[in-house]
Amino acid sequence: MNHTVYTGALDRLRWLFDEFETVYVAFSGGKDSTVLLELAIQVAREKNRLPVDVLFVDQEAEWDIVIDYVRRTMHRPECRPHWLQVPFRLFNAASETEQWLHC
C-alpha cells in the first residue's frame, strides 16, 4: 500500500474540487496553511481550476514579515485573494487587567 499523508491530502483535495464549485483555502501565512495552499494549487492546476480562492483573516496583530509573506502569496497568479479585516475580540492572555484584545 503506497498511501501516504501526501497522497491522502491530494486525494481529499481532489474530492473537494470535484464536489464543490468554489473551494477556499484558509491561509494564515504559517507553514501548515502554506503547505495546504501549495497542495491545493497543485490539484487546482491538474483540474484546470486555477486560480485558487485564498482567504486571509487579518487580525492586525501579525508580524510585519508575515504580512509581507501573505501579500506576496496573495499576488501570485495562482491565487485569488480574499483579505478580510473585521473587528473582533480575542481573549487576552497577556494582560492581568484587560480581559479582551480588540483586533
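A residue counts as buried when its relative accessible area is under 20%. The views below are taken from a predicted model.

**View 1. Ile 67, a buried residue of helix H3.** Ile 67 has its place in helix H3. Its relative accessible area is 13%, so Ile 67 is buried. Leaving aside neighbours within four places in sequence, Ile 67 is in contact with Phe 56, Asp 58, Glu 62 and Trp 83. Gly 29 is 38 residues apart from Ile 67 along the chain, and the C-alpha atoms of these two residues are separated by 7.6 Å.

**View 2. The largest nonpolar core.** This core has 19 residues, of which Phe 17, Leu 37, Ala 40, Val 52 and Val 54 touch the most other members. Two or more residues each come from helix H1 (5–19), helix H2 (31–46), strand S2 and helix H3 (64–74). The most is given by H2, with six residues.

**View 3. Surroundings of Ala 40.** Ala 40 is one of the core residues that touch the most other members. Not counting residues up to four places away in sequence, Ala 40 touches Leu 13, Phe 17, Val 25 and Val 52. Phe 17 and Val 52 are also among the core residues that touch the most other members.

**View 4. The aromatic pair of Trp 15 and Phe 20.** Four aromatic pairs are found in a search of the whole structure. In one of them, the ring centres of Trp 15 and Phe 20 are 5.9 Å apart and the planes stand at 80 degrees, so the pair is edge-to-face. Trp 15 has 44% relative accessibility and therefore counts as partly exposed. Phe 20, with a relative accessible area of 42%, is partly exposed.

**View 5. The aromatic pair of Phe 91 and Trp 100.** The rings of Phe 91 and Trp 100 form an edge-to-face pair, with 6.4 Å centre to centre and 90 degrees between the planes. Phe 91 counts as exposed at 59% relative accessibility. Trp 100 is partly exposed, and its relative accessible area is 30%.

View 6. Val 57, Leu 84 and Val 86 make a nonpolar surface patch of about 210 Å². Val 57 belongs to strand S2, which covers residues 52–57. With a relative accessibility of 34%, Val 57 counts as partly exposed.

Conventions
Residues numbered from 1 in each chain as written. Predicted model: local features only at pLDDT ≥ 70, side-chain atom pairs only at ≥ 80, totals over all residues. Heavy atoms only, no water. Patch = residues over 30% accessible without salt bridge, like charges linked within 9 Å, V, L, I, M, F, W, Y side chains within 5 Å. Areas by Shrake-Rupley, 256 points an atom, 1.4 Å probe, with all protein chains shown as cover. Salt bridge = Lys/Arg side-chain N within 4 Å of Asp/Glu carboxyl O. Helix = DSSP H or I, 4+ residues; strand = E, 2+ residues; numbered from the N terminus. Buried < 20%, exposed > 50% of the residue type's maximum accessible area, 1.4 Å probe, protein only. Core = buried A, V, L, I, M, F, W, Y, C linked by side-chain atoms within 4.5 Å. Contact = heavy atoms within 4.5 Å. Phe/Tyr/Trp six-rings, centres within 6.5 Å; stacked < 30°, edge-to-face > 60°.
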